[in-house]
Amino acid sequence: MSFAGGVLTAASAPPERMSPGGDTSVLSLLARSDDEPPLTIPRDPAREAARRELSKGMYHENDPSWFQRALDAFWDWVEDLFSSASTVAPGGPLGLVVIILVVLAVLGALWWRLGTPRRRPTSSAALFDDRPRSAAEHRAAAEAHAAQAHWNQAVQERMRAIVRSLEERALLDVRPGRTADEAAAEAGRSLPAHTDRLRTAARDFDDVTYGGRAATQQTYQRIAELDRDLETTKPQLASSAPSTAHNARQGAAE
């Protein structure tokens, strides 16, 4: 028998005729028919194995950071928005650019014309709360707040002390619901020398109370000084001016 014929005979021989020390796995592979499908791994284990493999750090060394990913997503959104807007704008992308420039020019003109929007304080709320207090009590409360550097509360209480003191001196009628601006305007008629300072104090009160601004130590000292000056100022009565003019005319006639 030739060598090739011996191999063919051994390959076609049944397994029980092989030597006891032969490789049974090789025999099983030789015995497998060509019509049987190859060995495959189920889908779920294969997916899990691929996930574990791709989760290794060696595959993610060059990945972009979270900030870069967020920035890329933002620019993609801007690009999509610009593309969508350019499709409906007359003239395409160039027309959209012209529209944007016109809108910016209009906004700039309005800003230059009207200036920076400012929050104007309103003086519609009452100057005093429901519990009436004397001028001395308001001054004591103002000094207590000033000692703790609570300048907003100190300014409020000192302004209330000014108005309450004018009411106690009968220079102002006691009227619930009076505002700081109204009190300053009414007090300026009998105290004309302090009209401007009264208006400034009322404006400071409004800015602190309703305008959201923070008072300073200088603001409180200015109002406190006005309070002390008003205590020593004599009011100008409404009849004093006509009588003075009458006396002057009488003296000229004599």
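Which residue forms a salt bridge with E186, the closest N and O atoms being 2.8 Å apart? I took this as the starting point of my entries, and I note that the model is a predicted one.

**Entry 1: E186 and its partners.** I looked up E186 and found that R175 is the residue in question, with 2.8 Å between the closest N and O atoms of the salt bridge. E186 belongs to helix α8 (residues 180–190), whereas R175 sits in the loop between α7 and α8. The two are eleven residues apart, and the pair links distant parts of the chain. I then found that E186 also forms a salt bridge with R178, where the closest N and O atoms are 3.1 Å apart.

**Entry 2: The network.** A network of salt bridges links R164, E167, R175, R178, E182 and E186.

**Entry 3: D227 and R158.** I turned to another pair. D227 forms a salt bridge with R158, and their closest N and O atoms are 3.1 Å apart. Because D227 lies in helix α10 (residues 217–231) and R158 in helix α7 (residues 151–168), the pair ties together parts that are 69 residues apart in sequence. I recorded both D227 and R158 as buried.

**Entry 4: The total.** I looked up the count for the structure, which holds 14 salt bridges. As background, I noted that side chains of opposite charge can pair when their charged atoms come close.

Methods. Residues numbered from 1 in each chain as written. Predicted model: local features only at pLDDT ≥ 70, side-chain atom pairs only at ≥ 80, totals over all residues. Heavy atoms only, no water. Salt bridge = Lys/Arg side-chain N within 4 Å of Asp/Glu carboxyl O. Helix = DSSP H or I, 4+ residues; strand = E, 2+ residues; numbered from the N terminus. Buried < 20%, exposed > 50% of the residue type's maximum accessible area, 1.4 Å probe, protein only.
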